[in-house]
Amino acid sequence: MSRRPVNPARRFADGGGASFTSALHQKSRSSPYLSIGLVLVGALLLIGYSYSNSGGFSSDTNAVSKVEGDISCTAEVHRAIPILQKAYGDSMHKVLHVGPDTCSVVSKLLKEEDTEAWGLEPYEIEETEGHCKSLIRKGVVRVADIKFPLPYRANSFNLVIVSDALDYLSPKYLNKTLPELARVSLDGLVIFAGKQRAKVAELSKFGRPAKLRSSSWWIRYFVQTGLEENVSAIKKFEQAAGKKSYQPSCQIFHLSS
């Protein structure tokens, strides 16, 4: 008796159909657990995001953030505030910060005892949180191009702190901006200058890449423009930094007004 060859399609329909139905039932049974797992992961991510925004994950040692892969000297200012207070004492009573994200620096300074703070944002602010909008509305923070005369009277502030601003200026504009910063400061000028170049992605924000300038270049430039280093403040800052094991990620210069 001859045997008919088995039809592969029929074998799949007879045997494979059952296994497929079984797998489908298993998938439907496991889907509630999968949904619960996804909900839990999403909740944990939301909690972590909210906690990090509230400052729960921040500390003096990891406050240095990265801007497009480069060190943010404005974030370095946050770390340096306790050291600056030791070095400048009463001169921290009335402070102007000049640089991007100045709202964060001003907010931190305003939390310090007996400290008045103002901010000058040298670049257009595209998106701002409610607290920053409030500071701008009150006139505590202003937006102005630092290549032009600053909107303040002479000696308006005890101390002027600059970060992530002068690195993007050519010597032509530095010749105008540095004397202006010194003009509005009574006791001194502190400059936080970067050590790394800005990436090409930052060109649209700052207009040009940051200049990688050495400390010797800056010191030579200060001498040429008639600005003197504040030797007393430098010594006090170094002593306070040594006691707290503070190692700056940016170059810091202390100038006399």
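Predicted model: local features only at pLDDT ≥ 70, side-chain atom pairs only at ≥ 80, totals over all residues.
At what angle do helix H2 (residues 73-88) and helix H8 (residues 231-243) pack, and how far apart are their axes? The angle is about 135°, and the axes lie 8 Å apart. Angles over 145 degrees would count as roughly antiparallel and those from 65 to 115 as roughly perpendicular, so H2 is oblique to H8. The crossing of these two helices is right-handed.

Next, display the side chains where the helices meet. On the H2 side, select Ile 83, Leu 84, Lys 86, Ala 87 and Tyr 88; their counterparts in H8 are Ala 233, Lys 236, Phe 237, Ala 240 and Ala 241. Sorted by class, this contact of H2 with H8 comprises eight nonpolar residues, two charged residues and no polar ones.

Now turn to the sheet. Strands of a sheet pair through backbone hydrogen bonds, in either a parallel or an antiparallel manner. Here six strands form an open sheet with mixed pairing, and their order is E5-E4-E3-E6-E7-E8. Select strand E5 (141-143) and strand E8 (251-255) to see the edges: each has a single partner strand, so one side of each has no neighbour in the sheet. On average, neighbouring strands of this sheet are turned by 15° against each other, direction ignored.

Within the sheet, select strand E6 (residues 157-163) and strand E7 (residues 185-193). These two strands run parallel and are joined by six bridges.

Finally, select helix H7 (residues 215-224). Helix H7 lies across E7 and E8, and runs at about 20° to E8.

Definitions and conventions. Residues numbered from 1 in each chain as written. Heavy atoms only, no water. Axes fitted to C-alpha atoms, helices over the stretch in contact; angles between N-to-C directions. Helix = DSSP H or I, 4+ residues; strand = E, 2+ residues; numbered from the N terminus. Parallel < 35°, antiparallel > 145°, perpendicular 65-115°, else oblique. Left-handed = near helix turned anticlockwise from the far one by under 90°. Contact = heavy atoms within 4.5 Å. Nonpolar A, V, L, I, M, F, W, Y, C, P; charged D, E, K, R; others polar. Pairing = 2+ DSSP bridges.
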